[in-house]
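This report walks through one protein model, from its aromatic pairs to its sheet and helices. Please keep the structure open while reading.

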Amino acid sequence: KKIKGKNIVSNPGCYPTGAILGLAPLIEEEIINLKGIVIDSKSGVTGAGRSPDIGYLFSEVNEGVKAYKVGVHRHTPEIEQELSLLAEEKVAVSFTPHLIPMDRGILTTIYTSIKKDTDDRSLLSLYKRYYSGRIFIRILDQGRFPYTKDVRGTNFCDIGLKVDNRVGRIIVVTAIDNLGKGAAGQAIQNMNIMMGLDEKEGLLFPGLFP
């Protein structure tokens with residue numbers, strides 16, 4: 001079994017990154033039910049790559065939001081694979097991505113049902129302990145939630161959360177830059193670790209395009 005919080009570094013793709021980092025502490029500490037996990041992600045247009053497609057032209061995307069590949073997105077099996085490894089049993093999730101009119105960034109909202117009694121303060125303490133020493137994972141203070149502009153052009157993953165005891169749910173919100181933590185930045189971090197370098201090398205002064 002993975003050592004808590006220490007092997008959550010490499011993830012399969014941009015959508016899985018925010019989802020897995022947001023759920024890992026809850027799953028390993030068995031705080032949530034593994035059934036009924038809902039993951040809602042909103043992504044900038046660069047998540048679709050640079051291939052020309054009418055559906056991603058500015059005039060098509062601007063002033064609109066749409067869900068796509070509902071129930072059949074290719075990253076769903078990757079999310080389930082990594083969460084199942086953490087849980088040591090089969091985990092299935094409901095994942096729906098949305099395309100929004102911005103260049104880059106992914107905001108993911110995760111809905112889970114509570115298995116163990118907890119509150120905001122206790123859960124924040126858990127997340128901070130779990131990701132202690134992980135410079136690129138920032139746990140936001142109580143009442144604060146991630147904003148994609150705060151991670152734009154970076155390798156950071158910001159995480160905020162809320163215990164909604166009224167409906168018996170824990171809501172986790174994560175934000176990453178899909179071209180940074182969700183792609184090139186994560187690749188550099190992985191390379192640094194594999195080569196025995198400081199994992200921060202080349203990642204604290206990122207460039208932006210677009």
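## Aromatic pairs and a buried glutamate

Two aromatic pairs turn up in a search of the whole structure. Rings of Phe, Tyr and Trp (its six-membered ring) pair if their centres lie within 6.5 Å; planes under 30 degrees apart count as stacked, over 60 as edge-to-face and the rest as tilted. Y130 and Y131 form an edge-to-face pair, because their ring centres are 4.9 Å apart and their planes stand at 80°.

Y130 is buried, at 5% relative accessible area. Y131 is buried too, with 3% relative accessibility. Here buried means under 20% relative accessible area, exposed over 50% and partly exposed in between (1.4 Å probe, protein chains only).

Which side chain does E28 contact? The partner is the side chain of Y130, in a polar contact of 2.7 Å. Such a contact is a pair of N or O atoms within 3.5 Å; within protein, one must be able to donate a hydrogen and the other to accept it, and residues adjacent in sequence count only if both atoms are side-chain atoms. E28 belongs to helix α1 (residues 14-28). It is buried, at 5% relative accessibility.

R138 places its charged end over the ring of F156, 4.0 Å from the ring centre. The criterion is NZ of Lys or CZ of Arg within 6 Å of the ring centre and within 35 degrees of the ring normal.

## Basis of the model

This is a predicted model: local features need pLDDT of at least 70, side-chain atom pairs count only at pLDDT 80 or more, and totals for chains, interfaces and linings use all residues. Residues are numbered from 1 along each chain as its sequence is written, and side-chain values use heavy atoms, with hydrogens and water left out.

## Overall make-up

The protein has six helices and seven strands. Helices (H or I, at least four residues) and strands (E, at least two) are DSSP runs, numbered from the N terminus. Along the sequence the pattern reads α-β-α-β-α-β-β-α-β-α-β-β-α.

Of the 210 residues, 49% are buried. Contact means heavy atoms within 4.5 Å. Among contacts with a separation of 6 or more, 73% join residues 24 or more positions apart.

## The sheet

Seven strands make an open sheet with mixed pairing, in the order β2-β3-β1-β4-β7-β6-β5. β2 (66-67) and β5 (137-139) are the edge strands; each has a single partner strand, so one side of each lacks a neighbour in the sheet. Strands pair if DSSP finds at least two bridges between them.

β2 runs antiparallel to β3 (residues 93-99), with two bridges. There A67 faces H98 of β3. β3 pairs with β1 in the parallel sense over seven bridges, and V38 has S94 in β3 as its bridge partner.

β1 also pairs with β4 (residues 106-113), antiparallel, over six bridges. I39 stands opposite I110 of β4, and S43 has I106 as its bridge partner. Five of the seven residues of β1 are buried. β4 is in turn antiparallel to β7, through eight bridges.

Helix α3 (residues 76-87) lies across β1 (37-43) and β3, at about 135° to β3. Helix α4 (residues 120-130) also packs on the sheet, where it touches β5, β6 (157-164) and β7 (169-176). The direction of α4 makes about 150° with that of β6. Axes are lines fitted to C-alpha atoms, for helices over the stretch in contact, and angles run from 0 to 180 degrees between N-to-C directions.
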